[in-house]
Structures are given as structure tokens and as C-alpha cells.
Amino acid sequence: MIFRQLLEPVSSTYTYVLGCPDTGEAILIDPVVNSIDRDLQVLQGLGLRLAYTLDTHIHADHITAALELKKRTASRIAAPAFDRLACTDFGMEEGRPLQVGSICIEGLHTPGHTDGHFAYVLGGRVFTGDALLIDGCGRTDFQNGDSDALYRSVTQKLFALADETLVYPAHDYTGRHVSSIAQEKTRNPRLGAGKSLAQFQQIMATLNLPYPKFIDYAVPGNRGCGVCPSGLPEELQKYCAPMAESPQG
């Protein structure tokens, strides 16, 4: 499999390129709208044609590139079936893999950050979205988030994967790229080292995080599979403007 990890710096989002060397088809996991040109250049450089975009959940911190990429490349849109988005072509469900060439992606419903959140398993890798981050996890105080549900999703589903499974999150804010199930089970300060549900609930209840600055635009835009709203305040226009640079993770 052809694999690349790409970073969108405004929201610190990782986009993942999965390519089938036999058919030349590709999947982009969690593409970001202001990174479209960069992503298309990467695909072209690898000799790949985009077959599907695949989002882990309805994002609150950026606009997905799914719709715009479909317009440009005729790719199809895959997303969790739970969210019932009219703009999707394939609804991810547990037990219903997404097959593109030799690539077969299995979905795991991992609610808690959002109620429709999915993680995706491919061989020895798991793309955990915001459910499990490196030494952390996504917040649970909006979009029907639920700390009890997130605890079960991570401890009963993600931590049940083989220890050597590589963990590729949707975000990292300190320049880290990859972890493993064994590492997160051992040292994740919120969920690792045998943390109890009560301990996790206490941690999540005392985070005191600010209200997400882009959520009121991102969530409705992403319910349309990636519609940039008009009339964005000047300080938020960077979320929809093309990237000035093309950094890669």
C-alpha cells in the first residue's frame, strides 16, 4: 500500500493518503478544504487517482474537503452512516468494509467525542480520528459528546486491538506523528495505565476548555460534506483559504 501522512497547519489536522499500487486508486482520510491543492499535487506525484474521501466524524475545527474534491475529481464521499448525511455515497458501518482496489478498511463505531464518530482499521494501522490522540483524547462537551461512551470506545474497542497496531490520530498539536496501542494503553494520561471510568470522568469534567472558535461554522458546513460558509469573520477566513505552503507530516 502507498501511504502518506499530511498535515494541515491551521487546525493541526492529519490527512492520510492510502493508495492501491495495483489499481492506482486512492482514499483520503479526513481531508481539509484549504489543503485541496496540496493533496491533489501529492496524489498526482504518486500517480494516484482519488476514489474516495473518508471522514472519521463531523468535524468542529475545520471544513472537510469531501464535497470540493468530488466536484474536482469525481471521487465519492464516505462517512459514518450514523450521521445520515444526504451528501454521502457510502455509509461506513461496523461489519461493512470500504474496499478500494487492494485496500479494505474496517470501521469501528467509537462514539464519545461525537455520537457518530468512527475509527478505521487497515492491517496494522488504526486511524483513530479524535477518539484517541497521542497521550490524549478528544473533548466530550459538544456534538452529543459523552465521556462514558468515549471511555468504552477506547478501552473496549481500540485497546482491544493488537498492541503493535500503529495509532494515527486526526490531530497532534506538538509535532508527533504516530503512536501504538501498547503505548497508549501504558502511558495515555487520560485513559492509559488502567484508568477507571470514574477517574476518566473526573479528568474530562475538569478540562475547562474554551468554546471552539470555528464550531458554529464547521458543523453545519460539514453536515453538507464540506461547504465553506459565506461571510466568515476575517480572523476565521484562513479556515477556507487555500494553504500558502504545503507542509507534510
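Two strands pair if DSSP finds at least two bridges between them. Helices (H or I, at least four residues) and strands (E, at least two) are DSSP runs, numbered from the N terminus.

**Entry 1: basis.** I noted that this is a predicted model, in which local features need pLDDT of at least 70, side-chain atom pairs count only at pLDDT 80 or more, and totals for chains, interfaces and linings use all residues. Residues are numbered from 1 along each chain as its sequence is written, and side-chain values use heavy atoms, with hydrogens and water left out.

**Entry 2: the sheet.** I looked up strand E4 (residues 49–54) and found it joined to strand E5 (residues 76–80) by 3 bridges, the two running parallel. One residue I followed was Leu-54, whose bridge partner in E5 is Ala-78. I then traced the open sheet of 6 strands, which has the order E1-E2-E3-E4-E5-E6 and mixed pairing. Its edge strands are E1 (2–8) and E6 (90–92), each of which pairs on one side only. On average, neighbouring strands of this sheet are turned by 25° against each other, direction ignored. Such angles run from 0 to 180 degrees between N-to-C directions, with axes fitted to C-alpha atoms, for helices over the stretch in contact.

**Entry 3: helices on the sheet.** I recorded that helix H1 (residues 36–46) lies across E1, E2 (13–19), E3 (25–29) and E4, and runs at about 160° to E1. Helix H2 (residues 66–73) packs on the sheet and touches E3, E4 and E5; contact means heavy atoms within 4.5 Å.

**Entry 4: disulfides.** I found 2 disulfides, a disulfide being a pair of cysteine sulfur atoms within 2.5 Å. One joins Cys-87 to Cys-225, with S to S at 2.0 Å. Its torsion about the S-S bond is about 80°, so this disulfide is right-handed. Cys-87 is in the loop between E5 and E6, and Cys-225 is in the segment after helix H6 (215–223), 138 residues apart. Both of these cysteines are buried (under 20% relative accessible area; exposed is over 50%, partly exposed in between, with a 1.4 Å probe and protein chains only).

Another disulfide joins Cys-228 to Cys-240, with S to S at 2.1 Å. This link is left-handed, with -105° about the S-S bond. Cys-228 is partly exposed at 30% relative accessible area, and Cys-240 is partly exposed at 22%.

Entry 5: Cys-137 is buried, with a relative accessible area of 5%.
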